[in-house]
Amino acid sequence: MRTAGDLMRRSLSCAAVWRNSRLFCTEQSSRVKIFDRDLKRKQRDRAAWLMRPNDSLLDAVAENLLDRLEDCKKTFPTALCMGGSLEAIRRLLNGRGGIEKLIMMDTSPDMVKLCEEAEQNSPNKNVETSFIVADEEFLPMKENSLDLVISSLGLHWTNDLPGAMIQSRLALKPDGLFLAAILGGETLRELRIACTVAQMEREGGISPRLSPLAQVRDAGNLLTRAGFALPGVDVDEYTVRYNSALELIEHLRSMGETNALFQRGKILKRDTALATAAVYESMFAAEDGTIPATFQVIFMTGWKDHPSQQKAKRRGSATISFGDLQKQFGGGNES
């Protein structure tokens, strides 16, 4: 595996990729700093070794995302899969989308190594797969070089989500497709409530313990702001049941979904953590003793502009009025 992970520790954010034994590097500075990207990289390094084989939640989201390729008549010879549940996307692709060349990218060298080893053990037939270590915030791809950009549960950790989406659009060829699944604002609502109640009881106040996530109403605006044509958004909720709050936390660690806020405060006190688990179970436990956790997933679809795409009609170009339609279908007022 070729890695540029050591470059990512520099004071300037650096996205790097090896090509023909030469290193090309793009350095940019980020204006918005909500998430600690270096910490998130370390969390994903850890997740690469803790990850459950065939995680049912990650697989369900990846399948839902990949199903959208079956709705497309066209094929996508060159695809980039970045961040999130890379391994699930690679394993479940099963020829969908007519992909011939697949680039697997993550900020975590260990996560990329995990995917590379999985590819060696169970290669995708007829798909040339390559692996790079780079950051979604500083995409190291040439403009108009990709037919498909796909991200399953990764982009919600970027500091500049619109910026990352704009870079994805620029990397796409005309009529290229952007597919992404991100966690929505209702994710882990049970844990948020339990943690808030426990902190108020034990500490007399609250500090940020769970990361802010995008709201469904914002998703369409994000696609439009990034310049995508024919934007599409839909939402699914997945409920996973655990034997305890501790098992939920361990699952979040194995997915690399633990808190990475810059303003995350000190480590949760032991008695507050125990109180959170107790509140969680008392408020949400089922009769069988299990506790539910909600994962809201927002699916986004967008296309890069192309003359062949359907266009909205110019305002005022309609030849039939609403009044005529009402009369035709019996909806008008009768005297």
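Reply: A cavity is a set of points, on a 1 Å grid over the protein atoms alone, where a 1.4 Å probe fits but cannot get out. The model is predicted, so local features need pLDDT of at least 70 and side-chain atom pairs pLDDT 80 or more, while totals for chains, interfaces and linings use all residues. Residues are numbered from 1 along each chain as its sequence is written, and side-chain values use heavy atoms, without hydrogens and water.

The structure has 4 cavities of 30 Å³ or more. The volume of the largest cavity is about 80 Å³ (the space filled by probe spheres set on points joined across faces, edges and corners). Its lining (residues with an atom within 4 Å of a point) holds 13 residues, and those closest to the centre are Lys40, Arg44, Glu136, Gly154 and Trp157. Helix H1 (37–50) and strand S3 (78–84) are the elements that give two or more residues to this lining; helices (H or I, at least four residues) and strands (E, at least two) are DSSP runs, numbered from the N terminus. H1 contributes the most, with 3 residues. By class, the lining of the largest cavity has 6 charged residues, 5 polar and 2 nonpolar (Asp, Glu, Lys and Arg are charged; Ala, Val, Leu, Ile, Met, Phe, Trp, Tyr, Cys and Pro nonpolar; the others, Gly among them, polar).

Now the rest of the chain. There are 10 helices and 9 strands. Of the 335 residues, 50% are buried, that is, under 20% relative accessible area with a 1.4 Å probe and protein chains only. Among contacts (heavy atoms within 4.5 Å) with a separation of 6 or more, 81% join residues 24 or more positions apart.

Gly97 lies in the loop between helix H3 (86–92) and strand S4. The relative accessible area of Gly97 is 11%, so this residue counts as buried. Beyond its neighbours within four places in sequence, Gly97 touches Leu69, Thr75 and Phe76. Thr75 is 22 residues away from Gly97 in sequence, yet the C-alpha to C-alpha separation is 5.1 Å.

S4 itself covers residues 101–106 and pairs (at least two DSSP bridges) with strand S5, residues 128–133; the sense is parallel, over 6 bridges. In this pair, Lys101 stands opposite Glu128. Between S4 and S5 the chain passes through helix H4 (residues 109–121), in a right-handed β-α-β crossover (clockwise from the first strand over the helix to the second, with the strands pointing away from the viewer).

Conventions. On a 1 Å grid over the protein atoms alone, a cavity is a set of points where a 1.4 Å probe fits but cannot get out, and a pocket is an open set with protein on both sides within 12 Å along at least five of seven lines; lining residues have an atom within 4 Å of a point.
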